[in-house]
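Hi there,

Here is the structure I promised to pass on to you. Have a look at it first, and then read on for my notes.

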Amino acid sequence: MSQKNIFSGVQPTGNLHLGNYIGAIKNFVKLQSENDSKCIYCVVDLHAITTKQDPQKLKENILETTAVFLASGIDPSKSIIFNQSMVPAHSEGTWILSCIARMGWLNRMTQFKEKAGKDKEKASVGLYIYPILMAADILLYDATHVPVGEDQKQHLELTRDIAQKFNTDFKVQDFFKIPDPLIQEKFSRIMSLKDAKNKMSKSDPSDASRINLTDTEDQIHNKIKKAKTDTKSFPANEKDLNKRPEIQNLIGIYSSLKSQKISDTINRFQGKNFSNFKEKLSEVVIEHISPISKEISKLKSDKGHILQVLKDGSEKAEAIASEKVKKIKEIIGF
Ligand code: TYM
């Protein structure tokens, strides 16, 4: 079997949550145990500054995001863990690729429209070209597979377009690998606990809308107890979930953490009331998240260790990415 190059990233913008875990990080850990995979996981701090950050808080969030990787089970002896700003090739690659990407392509990016909001004239230029930085991240490591949540799908499509255009324009077929997104069919979009029209998000002003990976058992229990449901009874089958997004979300979270089919979860709780289901859901979430949360606080007390992991990882990443940038420069005539 041919080798899979896995690359993915998480922004160090604080409040990492259950959606990040189920949609992405849980899969990072799984992929690292596959024999034919070489995994690289990046704390994308250059992405974080596309919106305003407090420098001291950013510093802490870089360490915390790295601690989340480690506490979730990413093993630096198996995977490369590093932060983007320590590898200058990302910024250099972004400039070159921004001369390949077309304005029309970027104008279609829905995440920019969502994040920039109504006043897009005031959004940073960095926020606008953010998907090109993401393309550079992926293409510099010849990634073949990119595990992400559903919200990153369009950025992956743009990455593929940039890679294909570069290969065609410079007649270097296969120079950039065309990466495939690895998006789970079922649990790739975990929704807010308060309003299932919105995805669970770090930036939601309501802390009750998400389970943070640093939450205590009591916090998790309370948030799930107060999670929005409806007045109908527990669904009898999967079809019953249509037009009941809150219930679908909670059953999805349970099924994903239990690694079981949604229909199995429905069969187990059929005829029971929601408070009974929520109790069991809390138990499952606590079983998965509490060990991570405890390990995060342990790791955070040893900043030296986290910094060493990032330094070692950055050296390995730098060796790969700078070599690719060297080849890019030769191809484009520098
Ligand atoms: P970020 O930091 O917003 O999110 C990290 C990962 O978590 C996933 N995710 C979710 N999955 C399911 N349900 C949710 N509610 C949810 N919220 C977030 C995201 O899809 C993502 O996989 N642009 C990226 C980071 C990035 C990157 C990359 C990813 C930069 N360069 C290269 C892959 C490859 C981002 O902002 O993710």
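**Cavities and the pocket**

Helix α7 gives the largest share of the lining of the largest cavity, with 4 residues. Before going on, please note that this is a predicted model, in which local features need pLDDT of at least 70, side-chain atom pairs count only at pLDDT 80 or more, and totals for chains, interfaces and linings use all residues. Residues are numbered from 1 along each chain as its sequence is written, and side-chain values use heavy atoms, with hydrogens and water left out.

On a 1 Å grid over the protein atoms alone, a cavity is a set of points where a 1.4 Å probe fits but cannot get out, while a pocket is an open set with protein on both sides within 12 Å along at least five of seven lines; lining residues have an atom within 4 Å of a point. Grid points are joined across faces, edges and corners, and a volume is the space filled by probe spheres set on the points. Helices (H or I, at least four residues) and strands (E, at least two) are DSSP runs, numbered from the N terminus.

The structure has 4 cavities of 30 Å³ or more, and the largest cavity holds about 60 Å³ of space. Its lining is made of M109, Q111, F112, K115, L127, Y128, Y130, P131 and H155. Both α6 (110-116) and α7 (125-139) supply at least two residues of that lining.

The largest pocket holds about 1200 Å³. Among the 46 residues that line this pocket, Q111, K115, D151, Q152 and K199 are the closest to its centre. At least two lining residues come from each of β1 (4-10), α1 (18-32), α2 (45-48), α6, α7 and α8 (153-169). Here too α7 supplies the largest share, 5 residues.

**Domains and cores**

How is the protein chain divided? There is a domain 1 (4-188 + 303-332) and a domain 2 (207-298), with bounds that come from an automatic or database domain assignment. Their centres, taken over C-alpha atoms, are separated by 30 Å. Domain 1 puts 14 residues into the contact and domain 2 puts in 19 residues, where contact means heavy atoms within 4.5 Å.

Next come the nonpolar cores. A nonpolar core is a set of buried Ala, Val, Leu, Ile, Met, Phe, Trp, Tyr and Cys residues joined through side-chain atoms within 4.5 Å. Buried means under 20% relative accessible area, exposed means over 50%, and partly exposed is in between (1.4 Å probe, protein chains only). In soluble globular proteins, nonpolar side chains tend to be buried together.

The largest nonpolar core has 58 residues, of which I253, F277 and V285 touch the most other members. Helix α12 (residues 274-300) provides the largest share of this core, 10 residues. Both domain 1 and domain 2 give residues to this core, so it lies between them. Apart from neighbours within four places in sequence, F277 is in contact with F234, L250, I251, Y254, T265 and F269. There is also a second, separate core of 42 residues, which includes I80, Y141, A143 and A321.

**A few residues to look up**

C42 is buried, at a relative accessible area of 0%, whereas C99 is partly exposed, at 45%.

R189 sits in the loop between β5 (180-182) and α9 (217-226) and is partly exposed, with 38% relative accessibility. Not counting residues up to four places away in sequence, R189 touches E150, D151, K199 and N249.

Two residues other than glycine have a positive phi to look at. For D142, phi is near 50°; this residue lies in the loop between α7 and β4 (145-147). For S259, phi is near 50°, and the residue lies in the loop between α10 (245-258) and α11 (262-269). Is each of them buried, partly exposed or exposed? D142 counts as partly exposed at 23% relative accessibility, and S259 counts as exposed at 62%.

Enjoy exploring!
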